[in-house]
Amino acid sequence: MEEMPKTYDPQEAEPKLIQKWIDAGCYQRSKGVGDCTVVIPPPNVTGILHMGHAMDDSIQDTFIRYNRMRGRSTRWILGTDHAGIATQTKVDKKLKSEGISRLEMGRDKFIDACWDWTHEYGGTIVSQIKRMGCSIDFSDEKFTMSPEFSKAVRKVFCDWYHDGLIYRGKRIVNWCPNCRTAISDDEAEYHDEHGHLWYLRYPLVEPVDGIEYVTVATTRPETMLGDTGVAVSPQDPEKAKLVGAKVMLPIVNREIPIFSDWHVDKNFGTGFVKVTPAHDPNDFAMGETHGLDKINIFDETAHVVEGYGEFSGMSRDEAREAIVKWFDEHGLLDHVEDLDHSVMHCYRCDTALEPWLSEQWFVAVDKLKGPATKAVTSGEVKFYPERWTQTYLTWMENLKDWCISRQLWWGHRIPVFYCDDCGWEDALMEDTDVCPKCGGHHVHQDENVLDTWFSSQLWTFATQGWPDHPEQMEGHHPTKVLVTARDIIALWVARMIMSSLYFTGEVPFHDVYIYATILAKDGSRMSKSKGNGVDPMDLIEKYGADAMRYNLLTLVTNNQDVKFDANIDKKTKKLIDSPRTEQAKSFVTKIWNASRFVQMNLDGYTPGAPKAETAEDAWMLSRLARTVASATEQLEHYEFGDYARGMQSFFWNEVCDWYIELCKSRLLDGTPEERLQVQRNLVYVLDVSMRLLHPVMPFVTESVWDALPASGLDDHSSKFLMTAAWPEPDALAGFVNDKAEHDFELARRVVSAVRSTRARYRLSPKAELDVCVRAAQEDVAVLEAQREFICSVGHVDQLALGAEQEKPAGSVSVADSGLEIFVVVGGLVDLAAEGARLNKELAKAQKELDGVNRTLSNQGFLSKAAPEVVQKKRDSAEELKQTIDQLKGQIEDFS
């Protein structure tokens, strides 16, 4: 048997293992009993890996590897999204840098440039996913613009069109003047901004009871050019007499009516609201109800259109300034108030969006939302954590028709054709240049493309042969689980459920796992502009993929967000270090070193069954069996954080720090029979442990397992650990031994108390100490039976046990679950000096806490300081409180 290298180098080992796994076909679809098909949320084809991807992919790979080892049929489907706006924006920028205009080169050549871009950069994120160790099927990559996928998209559009679910109409959309396309509500980002509320006077055409004008309050005075009404609340009786009157709209001299409508809040501003149906969704609704004209005053770049004199050609900001000035100069600006409000921005370019009336294509959702709601309320689709169920249901309840058209060139072009000669229109599966109605040749296709989410909603079934080969879906659809972020529950998850139910008669997945958002160290969102983003590839380069993956899984809790512990260089925006990932790397090293020690002491080993020859053997095998059961249960129920944290606690604290240490005497000095049995036990424990750890830490576990001989678990016939069998809880259930665990735990607590006392007072690990234990009589009997073990392992000279034991002079006490343990240190520690030192530390900590509490009680600080600064102070207070409690406990030892 070749000896394991002294040190483990992830940069050398990980890439080699990836290639071995791929060459052996380990990543491809596996056959088994029960299905576990998972689709990757398709990243943007031009994107690069970020921490959200890393978290998502680590969770998915953990689940896939686990299910593969359980012997289930596993398939993890890889693919990328064409990302309409994102890709077009990048190609646009590239062409502009070369002095080329998209409009000059034309649609066909621009699309060719987009394809060139995706071919050049599209493989970046896929190669990064591969480097993470994700066991996804790289041999069968999907793309939302492939011919097969495009056909599926076209069929969905045509079927919904002919079924009356897709229609064209003029509606208010969120328009990005920079990207020059519509943006859905769910894609818009709200930014809090400092603004104003302008109070503008609109003269009445005819005075009413001596009233010559009404004053409207608005946050957007520039849109007044498109006003076609003034509204009041029907719950505002004081203004009822003005309903039916007309005002003369300043600047444009347009007569517009005053009416009442429930959309108006009588307490907002003056209670008079200007109504601009072409530039506000609520105003549009009021315009529909009251028959108002809808006048678009902006063009697609958000500049004032022709017909408004000096204001025509102005941008929104220029028009605002000029119009306010005009009102002021004409005595019609009543006053201005400061107002903070939220403004919608484009999620791609950050431009403020313009509510804009335009002709768009929509999906009518009334027939889709009911079945999609029932799929969740019935439990057919379950959310983990469960709280996200209500988020989904609330969104479905308030669902509006979905605007699916985008004014782009890169994407799935809407397959609707028009005849200019006879007015024929239809959605077709095949292109045509001849009108089927009149035979004319003046036929053209709709210029718009579909929203990217329209195509990605088909992801679970269009990647599996639908519509031409639905037989490929058999046994693999619905998929098992969708792992995704909370911010696309509406954008993607809900739409996948709606489309899948409509076209396949099945839900797209049984479960939805929503992972936490990863925030920067200070609690803010990671972003390139802030310079606080962490590149997963930097983490892999510095610490290895195992360490990054493991650390990410330990962060998983039921909380909504998690802070990622990393320090970033402000100038270079590069990673300096990540202490938690460093700790995860230490765990990788611990696994390697412990395994290497065992492997180096296997001379004369022959495979055989594990046996409980000693108390520690019985305890270890029982703990191993329980860990198999808990890890299995946790992974079955998507409790990834509990699984990762539990595995470290078990392997580091119980296997390494206790069992391997306790086995050393038999391993090094035992009889041949004792040595062989302890070798078998150790190999078995390591074998099972590597299998349990493999899903989250595939590289180091594969390397260790490859160096291990066959254990009593099986004949080690599998070529790779990743294709070896998961340890089944039932197979180990016979090792569970409540008494062995209870008895050994009592002895372990005594030894741990002695060790912690040595560490606290900086005593030699081998210094012999006297110990007294006060416990219940039944526990005393258990400890008495393990006296030799406690004294030997704990380096205890005199051990006194009893239910009535008194605290010895010069001792410190440790309480642990019913045991009172007194460790005598009087002759080794200057108790007076130690007490004085501890009192000094206590006074210092208390002074610091008083200062922090004064700051936290200052309302000025709380109102002005950034939330992350306030939280940092609160965290500091909690840490100081814990320190003070610990110091007080130690001081009591000397009283």
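This is a predicted model: local features need pLDDT of at least 70, side-chain atom pairs count only at pLDDT 80 or more; totals for chains, interfaces and linings use all residues.
Residues are numbered from 1 along each chain as its sequence is written, and side-chain values use heavy atoms, with hydrogens and water left out.

The protein contains 28 helices and 31 strands, taken as DSSP runs numbered from the N terminus (helices, H or I, at least four residues; strands, E, at least two). Its C-alpha trace spans about 105 × 70 × 55 Å along the principal axes. Of the 895 residues, 54% are buried, where buried means under 20% relative accessible area, exposed over 50% and partly exposed in between (1.4 Å probe, protein chains only). Among contacts with a separation of 6 or more, 78% link residues 24 or more positions apart; a contact means heavy atoms within 4.5 Å.

In soluble globular proteins, nonpolar side chains tend to be buried together. A nonpolar core is here a set of buried Ala, Val, Leu, Ile, Met, Phe, Trp, Tyr and Cys residues joined through side-chain atoms within 4.5 Å. The largest such core comprises 140 residues, and Phe-651 and Val-773 have the most contacts inside it. Helix H19 (residues 640-669) supplies the largest share of this core, with 14 residues. Beyond four places in sequence, Phe-651 touches Phe-587, Ile-591, Cys-656, Leu-686, Ser-689, Met-690 and Leu-693. Another core, of 59 residues, lies apart from the largest one and includes Val-363, Trp-459, Ile-488 and Ile-514.

In strand S14 (residues 354-363), nine of the ten residues are buried. Strand S5 (residues 166-176) runs antiparallel to S14 and is joined to it by ten bridges, with Ile-166 opposite Val-363. S14 also pairs in the antiparallel sense with strand S16 (residues 402-403) over two bridges, and there the partner of Val-363 is Trp-402. Trp-459, in turn, is among the contacts of Thr-80 beyond four places in sequence, as are Pro-42, Ile-125 and Phe-143. Thr-80 is found in strand S3 (residues 79-80) and counts as buried because its relative accessibility is 2%.

Val-247 and Leu-249 make up the covered face of S10, while Lys-246 and Met-248 make up the uncovered one. Helix H16 (residues 545-554), by contrast, is largely enclosed by the rest of the structure, because ten of its ten residues are buried.

A search of the whole structure finds one cavity of 30 Å³ or more. On a 1 Å grid over the protein atoms alone, a cavity is a set of points where a 1.4 Å probe fits but cannot get out, and lining residues have an atom within 4 Å of a point. Grid points are joined across faces, edges and corners, and the volume is the space filled by probe spheres set on the points. The largest cavity has a volume of about 70 Å³, and its lining includes Arg-387, Trp-388, Ile-514 and Gln-560. Strand S23 (residues 509-515) contributes the largest share of the lining, three residues.

Conventions:
On a 1 Å grid over the protein atoms alone, a cavity is a set of points where a 1.4 Å probe fits but cannot get out, and a pocket is an open set with protein on both sides within 12 Å along at least five of seven lines; lining residues have an atom within 4 Å of a point. Two strands pair if DSSP finds at least two bridges between them.
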